[in-house]
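Subject: Handing over the predicted model

Dear colleague,

I am passing a structure on to you with this email, and below it you will find notes on what was found. Please keep the model open beside the text while you read.

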Amino acid sequence: MINKAFFPMLLLFLLLTACASEVPAENHDTKTILRNEALPRITNLETNFPEKEGWIVIPTNRTKLDVTVEATNAETLLFWAVPTGTETWGERELIGYDTNGNDGWKITWNIAGKSLHHHMVVQALGSDGKTITDETINITNE
């Protein structure tokens, strides 16, 4: 004779087993490949001033810094000025953004009267709405 409590326990066991089972590995691989294809990539970052020893050097009498970026799989590009030093991300300033890559990703930053010794961080936000990548350049006045 079977105990009445046996059937609810059996049902619970079957449900737990079904919830714990995994999707076959080939499905995981397919999802990973699709996600990797959608990752935003920054392939080139240029300014209208030359680089010298790892720093973009801007003459002090200049008033504008043009930044042009080549990126793929991006929905929006954010451009941040971050002071040099340790743990300065919290002191960053959003200096611009671009939401239309059809005409190229770019901004012009008004630097009139600014003393610069910063990192410029360019963040590419993925077209999937979940991924992000970034590139950093160093900028300073001369």
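The notes below begin with how far the model can be read and then turn to sheets, core and single residues.

This is a predicted model, in which local features need a pLDDT of at least 70 and side-chain atom pairs count only at pLDDT 80 or more, while totals for chains, interfaces and linings use all residues. Residues are numbered from 1 along each chain as its sequence is written, and side-chain values use heavy atoms, with hydrogens and water left out.

Confidence

The average pLDDT of the protein (the predictor's confidence in each residue, from 0 to 100) is 84, and 74% of the residues score at least 70. Over residues 23-34, however, the pLDDT is below 50, and this stretch has 2 contacts in the model beyond near neighbours in sequence, where a contact means heavy atoms within 4.5 Å. Where pLDDT is low, the predicted coordinates should not be read in detail.

The sheets

Strands of a sheet pair through backbone hydrogen bonds, either parallel or antiparallel. Strands here are DSSP runs of E with at least two residues, just as helices are runs of H or I with at least four, numbered from the N terminus, and two strands pair if DSSP finds at least two bridges between them.

By contrast, β3 and β9 pair in the parallel sense, over 3 bridges, with Ile139 in β9 as the bridge partner of Ile56.

A further open sheet is formed by 3 strands in the order β1-β4-β7, with antiparallel pairing. Here β1 and β7 are the edge strands, each pairing on one side only, and the twist averages 20 degrees from one strand to the next (axes are lines fitted to C-alpha atoms, for helices over the stretch in contact, and angles run from 0 to 180 degrees between N-to-C directions). The antiparallel pairing of β4 and β7 runs over 6 bridges, and Val69 stands opposite Trp105 in β7.

The nonpolar core

Which residues have the most contacts inside the largest nonpolar core? They are Leu65, Val69, Leu77, Phe79, Trp109 and Met120, in a core of 24 residues. At least two residues of this core come from each of β1 (41-47), β3 (55-58), β4 (64-72), β5, β7 (105-110), β8 and β9. A nonpolar core is a set of buried Ala, Val, Leu, Ile, Met, Phe, Trp, Tyr and Cys residues joined through side-chain atoms within 4.5 Å; buried means under 20% relative accessible area, exposed over 50%, and partly exposed in between, with a 1.4 Å probe and protein chains only.

Two threonines

Thr140 is found in strand β9 and is buried, with a relative accessible area of 14%. His117 stands opposite Thr140, and their side chains make a polar contact at 3.2 Å. A polar contact is a pair of N or O atoms within 3.5 Å; within protein, one must be able to donate a hydrogen and the other to accept it, and residues adjacent in sequence count only if both atoms are side-chain atoms. Leaving out residues up to four places away in sequence, Thr140 touches Trp55, Ile56, Val57, Ile58, Leu116 and His117.

Thr88 has its place in the loop between β5 (74-83) and β6, and Thr88 is buried too, at 9% relative accessible area. A polar atom of the Thr88 side chain lies 2.7 Å from the backbone oxygen of Pro83.

Two loop residues

Glu53, in the loop between β2 and β3, has a positive phi near 55 degrees although Glu53 is a residue other than glycine, and Glu53 is exposed, with a relative accessible area of 76%. Asn73 lies in the loop between β4 and β5, also has a positive phi near 55 degrees, and counts as partly exposed at 32% relative accessibility.

With best wishes
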